[in-house]
Structures are given as C-alpha cells and as structure tokens.
Amino acid sequence: MELQYYLILSALLFTTGVIGVLVRRNAIIIFMCIELMLNAANLAFVAISRSLGEATGQVFVFFVMAVAAAEVAIGLAIIVSVFKHRETINVDEVNSLKG
Amino acid sequence: MNAEQILFILFGAVSLIGAVAVISFRHPIYSALSLVVTFFAQAGLFLLLGAHFVAAVQVIVYAGAIMVLFLFVIMLLNLGTLSVKGAIGGKLKGFAIILGILLAIEGIYIATNVLNNTAIAAAQPATAAPNTTTYDIGELLFSKYLLPFEVTSLILLAALIGVIVLVKRSSNDSI
C-alpha cells in the first residue's frame with residue numbers, strides 16, 4: 001500500500017477524535033477521543049517511518065505512548081477527584097474557573 | 001487486489017467504525033469497548049507496516065493497561081445511570097461537525113498533494129526496505145535518543161507522584 005492511504009486514514013481518525021472532543025460532554029469520553037488523536041498521529045509516524053525505511057518514527061511512537069500513559073493516569077485521577085467534589089464529570093457543569 | 005490491500009481496507013474500516021462508535025455511543029462502557037476494537041485494528045495496521053514492536057506495544061499498553069484504567073474508572077464512578085441523558089451537546093453539534101469535515105478535507109489534501117514536494121516523497125524507492133526490527137529501535141533508543149528516553153522515565157515518575165498526591169489529598173480532606 002502507498003503512504004498516502006495510510007495518511008488519509010490517519011487524518012480521518014484524527015478528525016473523528018476532534019469531533020468527539022467538541023461534541024461530547026462526558027470528560028472520560030473526551031479523554032478517549034484524545035487517545036484516538038494520539039493513535040492517529042502514531043499511525044502517521046509509523047507509515048512515514050516505513051516509507052523512509054528507518055526506525056526513527058517508531059522511536060517517536062514509543063515516546064508518544066509513554067506520554068499518553070502518564071497523561072491518562074493523571075487525567076483519570078483528576079476526574080475521580082472532581083467527581084468526589086462535584087458529583088458530576090460533565091464538562092459543562094464543571095465551570096468554577098470560568099471568568 | 002492483493003492480500004495487503006484487502007487487509008488494509010479491513011483494518012482501516014474496522015478502526016474507523018470503532019472510532020465513530022466511540023463518539024456516538026451514549027454509554028461510556030460501550031465507548032471504551034469500541035476504543036479497544038479501534039486499538040486492535042490499529043495494531044493490525046502496524047503489523048502491515050512491518051512495525052512488529054509497535055504493534056505488540058499497542059496491544060499491551062493501549063488495549064491492555066490504558067483501557068483497563070478507563071474501564072476501572074467508569075465502573076468506579078458508576079456513570080451508567082448518571083450521565084447518559086444529554087451526553088451529546090446540542091447547541092454546537094452542527095458547528096463541530098462542519099469544522100470536523102473541513103479538518104478532514106485539509107488532512108486529505110495534505111496527505112495527497114502537499115507531501116509530494118517533500119523529502120518523504122523523494123525517498124519513495126525505500127518502500128521496499130526490510131522491516132525495521134526491535135533491534136533497530138533499541139539501538140536508536142539507547143544511542144541517539146538516550147536523553148529523551150531518560151526524560152520519559154522522569155515523566156512517568158512525575159505522573160506516579162502526581163497521581164498519588166491527587167488521590168491522597170482528596171481522600172484526607174473528605175470535603
């Protein structure tokens with residue numbers, strides 16, 4: 001398969017993630033959509049790495065995955081503590097910082 | 001059509017359908033399970049691209065560890081009955097979808113036209129290169145990218161401490 005098809009698929013997956021972040025209110029689903037976007041970027045990394053014939057892109061995928069794991073752990077801890085205080089994780093209702 | 005194209009279409013379709021299912025199911029558990037499907041399909045795509053190490057890590061880290069965290073939190077908070085109603089924002093939905101279509105068009109344009117003039121397109125003959133092995137990745141990680149690799153361990157340490165602090169304080173205060 002050519003590189004372009006992988007990049008198009010990656011763009012479509014990324015777009016799906018963006019729409020999810022904009023449309024959904026549940027903070028956990030917003031997190032899942034962020035994971036979708038990171039995965040789309042990973043797909044583009046691996047496809048270009050294949051096309052260039054070297055492993056650098058896959059090394060970056062490794063870093064992206066490590067950062068994603070850290071981000072998910074912190075984010076879910078924040079969600080749990082927000083839920084303990086507010087009894088909701090709808091992002092529309094958690095607006096104490098709104099100016 | 002050869003086998004690689006058929007597999008690409010299969011895995012690509014499954015991952016796209018899974019991604020759409022993530023954002024359209026109202027119940028978070030269904031979304032999480034659709035996300036697992038997407039991750040597995042993407043692991044298949046990585047295998048097609050010859051990135052065996054990345055495919056294995058995708059299954060272990062994403063479909064294993066991260067999704068268990070998600071499911072654990074969803075079940076811990078018992079969101080099923082709470083937030084199903086009004087799960088999808090009403091006012092900005094159309095606007096978001098229009099923006100998303102524009103973004104998709106941009107991405108497809110970049111993927112098909114813009115990259116033709118860059119170094120990536122110039123390196124096309126290398127498509128037939130042998131698979132990059134775990135050995136190659138390890139060698140790069142521990143030579144050229146040694147500093148980022150160490151910084152990654154610091155990030156994980158910071159995340160660990162951060163999570164402990166966050167959860168501990170909120171359970172002590174009991175506000």
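## A tour of chain A and Gln42(B)

Chain A exposes about 3,700 Å², and carbon and sulfur atoms supply 66% of that area. Accessible areas come from the Shrake-Rupley method with a 1.4 Å probe; for residues, only the protein chains shown count as cover.

This is a predicted model: local features need pLDDT of at least 70, side-chain atom pairs count only at pLDDT 80 or more, and totals for chains, interfaces and linings use all residues. Residues are numbered from 1 along each chain as its sequence is written, chains are lettered from A and ligands numbered from 1 in the order in which they are written, and side-chain values use heavy atoms, with hydrogens and water left out.

**Select chain A.** Show it as a cartoon. Helices are DSSP runs of H or I, at least four residues; strands are runs of E, at least two.

Now show the C-alpha trace. Along its principal axes it spans about 50 × 25 × 20 Å.

Of the 99 residues of chain A, 60% count as buried (under 20% relative accessible area, 1.4 Å probe, protein chains only).

**Select Gln42(B).** This residue sits in helix H2 of chain B, residues 28–48. Is Gln42(B) buried or exposed? It counts as buried because its relative accessibility is 0%.

**Select its contacts** (heavy atoms within 4.5 Å). Leave aside neighbours within four places in sequence: Gln42(B) then touches Leu13(A) and Asn39(A) in chain A, plus Ser15(B) and Gln58(B) in chain B.

Note on methods: Buried < 20%, exposed > 50% of the residue type's maximum accessible area, 1.4 Å probe, protein only.
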